[in-house]
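Hello,

Here is the structure I promised to pass on to you. Please open it beside this email and follow along as you read.

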Amino acid sequence: MNQQLDTAINTIVTALRTVREQKPLVVNITNYVAMNNTANALLAMGASPIMAHSRQEMAELMSFASALVINIGTLDSQWIPRMLFAVEQANINNKPVVLDPVGCGASALRTATSRQIGHAANKLIIRGNASEIIALAGEKTQQKGVDAQDDSDAAVGAAHYLLETYQGNVVISGATDFVITPEGVFQLNNGHAMMPYVTGMGCSLSALTGAFAAIGEESGLAAVAILGVAGEIAAAQSNGPGSLQLNIVDALYQLDEKTLIQRIKLS
Amino acid sequence: MNQQLDTAINTIVTALRTVREQKPLVVNITNYVAMNNTANALLAMGASPIMAHSRQEMAELMSFASALVINIGTLDSQWIPRMLFAVEQANINNKPVVLDPVGCGASALRTATSRQIGHAANKLIIRGNASEIIALAGEKTQQKGVDAQDDSDAAVGAAHYLLETYQGNVVISGATDFVITPEGVFQLNNGHAMMPYVTGMGCSLSALTGAFAAIGEESGLAAVAILGVAGEIAAAQSNGPGSLQLNIVDALYQLDEKTLIQRIKLS
Amino acid sequence: MNQQLDTAINTIVTALRTVREQKPLVVNITNYVAMNNTANALLAMGASPIMAHSRQEMAELMSFASALVINIGTLDSQWIPRMLFAVEQANINNKPVVLDPVGCGASALRTATSRQIGHAANKLIIRGNASEIIALAGEKTQQKGVDAQDDSDAAVGAAHYLLETYQGNVVISGATDFVITPEGVFQLNNGHAMMPYVTGMGCSLSALTGAFAAIGEESGLAAVAILGVAGEIAAAQSNGPGSLQLNIVDALYQLDEKTLIQRIKLS
């Protein structure tokens, strides 16, 4: 495993360098709450965000963008067809799609829409928290969940089901983050306990996942590691979630490869 | 009155503790400008925000949420039926509704919609600034307004009219804040002159009012006191409204009961 | 030219004083990403923002507002008629319109909509970056562009075409900003290289341009100079784009006339 971890860390560092060099364009159909922070996180890390949702321009945008991020945080019936059309365009152009199933399980609308988007996308990465991942996987996981020792176990079980069903990698974010790929499960222990007190942290993680998918790192590993490291650096300088929100953007901007390698807690 | 004030301060402190323990879920249908800050203010104080507006999920959400906040800051004809449907669901579930009539009086649309929402809600708290409260009360207050010595007097008069008409408590925010309930009028003198230079401060106050209503403190007093105290602590560390915006979030997160009791200026 | 520059600097300083005294109301139809920052920038500089888009209230709002800012950052088919209706109302009330053609050239929808708004407005100021200005001017500029030595030259050429075609002043923002008016071209060298890493900086510039247009300074010069100076003051105190975003708001709030005069780099 040690060699696999070294390879993974190398992949992460290379991915950061590549994003900064290539500045890939990432199209985001995301929620009203997190649009500003998401755009700033992408910019700070070196990517080029565009927030767009109109069907009238999505075919054009996806023809030259490098990835699509779909986040259902403030969903309504007008946005769902826009999201599905954008996924179609991503497929046509063979571009990866990151799905952030915000609040999946909290309403039938969110659960059904998440599944619809998941099934529609050809090159898919799913990024959610444990309860969203479990809800997305649905009944079959609930049954597995009986044997699960804790939420993380249930979520990783659910993620394996999703990996198989949707043919897409899965990122579960939480105190410990999990990255589930066909090659195996990675576990990351970066980040800080104050991060869940900032709205849209998960949304930023999904957006960064999109930036790395845009340059070919489709496991989600680089985004988890880099936002986790940036978050813990930022938390050390923050008096609360207000300052943490902006210090994370600063930390993403300043993050150097040496610090990243030293801090990554991967297993 | 001294004993009543002591009781009120005790209520405020207990309310903060209860929100932090129970982390009540507050559904917000609010404006595009303040969504991020509003969510962050709720999180920092210990509540759980969800920003949602779709009719397709509102019945479910209001069945397990503890309060609804309706803010008309960026109103349009598509959002009005969503707001009214959400109020209906809050009523069905016997949940309190906070109405923030942003810009009431600036357009007929805003005035009419504010009144429609106010009349629809069974358990109502209204939170506005003096001019919004006066506009919401309409002509009858204008007549009283002739005798008013200043805006505050006119607004408190208007608030009494609203209390009677809508059977809901009223919070008037300004340099001095007023909380108008059937039990009497409270006056609070916390806060800072720089706070009106941060967009969405009133929206945050309405959201926090929703969090306290969610745990049964429906006067609005706790929200006014706590945001006022957080605001003055934050202002002392801020170079302008940019840093104030985030320092208030930090101050809400850090606020301890002792500091709160020491600083509340209630009469 | 020296006397012309002295006059221009005097105009800028007077404009700032006037905005702070008159607190003009600026109606903004802008994108979801930048609404919060745009409102905060306007408030910090002393203007009064309202973010509104409903046709049902736009006639009323434009009857007492002093300027309209239209920003197409998150455009869709529902917002276009709202934008055109607002421009109509601005025309009826003889109010200036600032057009921010975000992403013009990136999609046919954005290019066509920008031109439609530009043609509709009677008193127009256009604010974009070089590529947006070049795209807005279209083929005729592309031809000129062949001879252009660099992007700036091409953009200034395009701006002259726009000035003639739309009868509106043009602001091109970038490392060097250009203000193109019938009286001549001004060049400003304030600002900081970190500013493009903050989302919505251009949107803030367009909004401030609206505030100055509201008090009769319709060249765009004051907004460019003031945001540039605020940006470089803020950058000196910032660790990255996260802190820069809020420090700019603080700097706008604190900016005094003496500092402004000392720092303006106008030619």
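Below is what I found in it, from the arrangement of the chains down to single pairs of side chains.

Please keep in mind that this is a predicted model.

**How the chains are arranged**

Two copies of a chain are related by a rotation about an axis and a shift along it.

Now turn to chain A, where eight strands make an open sheet with mixed pairing, in the order β2-β1-β3-β4-β5-β6-β7-β8. Which strands stand at the edges? They are β2 (48–51) and β8 (184–188) of chain A; each has a single partner strand, so one side of each is left without a neighbour in the sheet. On average, neighbouring strands of this sheet are turned by 20 degrees against each other, direction ignored.

The partner of β8(A) is worth a look: β7 (residues 177–181) of chain A pairs with β8(A) in the antiparallel sense, over five bridges. Within this part of the sheet, Asp177(A) is opposite Leu188(A) in β8(A). Helix α10 (residues 221–235) of chain A lies across β6 (169–173), β7 and β8 of that chain, and runs at about 10 degrees to β8(A).

In chain B, a hairpin of two residues joins β7(B) to β8(B), and Thr181(B) stands opposite Gly184(B) in β8(B).

In soluble globular proteins, nonpolar side chains tend to be buried together. The largest nonpolar core in this model has 155 residues, and those with the most contacts inside it include Leu68(A) and Ile172(A). Helix α8 (residues 151–166) of chain A gives the most to this core, with nine residues. Beyond its close neighbours in sequence, Leu68(A) is in contact with several residues, among them Val27(A), Ile29(A), Met62(A) and Val98(A).

**Salt bridges**

Side chains of opposite charge can pair when their charged atoms come close. Over all chains, the structure holds 18 salt bridges. In one of them, Glu57(B) pairs with Arg110(A), with the closest N and O atoms 2.6 Å apart. This pair crosses between chains, from helix α3 (residues 55–64) of chain B to helix α5 (residues 108–120) of chain A. Are its two partners buried or exposed? Glu57(B) counts as buried because its relative accessibility is 0%, and Arg110(A) is buried at 1%.

Another salt bridge joins Glu218(A) to Lys123(A), at 3.2 Å between the closest N and O atoms. The two residues are 95 residues apart, so to speak in distant parts of the chain. Glu218(A) is partly exposed, at 25% relative accessible area, and Lys123(A) is partly exposed at 27%.

Enjoy exploring!

Conventions: Residues numbered from 1 in each chain as written. Chains lettered and ligands numbered in written order. Predicted model: local features only at pLDDT ≥ 70, side-chain atom pairs only at ≥ 80, totals over all residues. Heavy atoms only, no water. Pairing = 2+ DSSP bridges. Helix = DSSP H or I, 4+ residues; strand = E, 2+ residues; numbered from the N terminus. Axes fitted to C-alpha atoms, helices over the stretch in contact; angles between N-to-C directions. Contact = heavy atoms within 4.5 Å. Core = buried A, V, L, I, M, F, W, Y, C linked by side-chain atoms within 4.5 Å. Buried < 20%, exposed > 50% of the residue type's maximum accessible area, 1.4 Å probe, protein only. Salt bridge = Lys/Arg side-chain N within 4 Å of Asp/Glu carboxyl O. Lists of a residue's contacts leave out its neighbours within four places in sequence.
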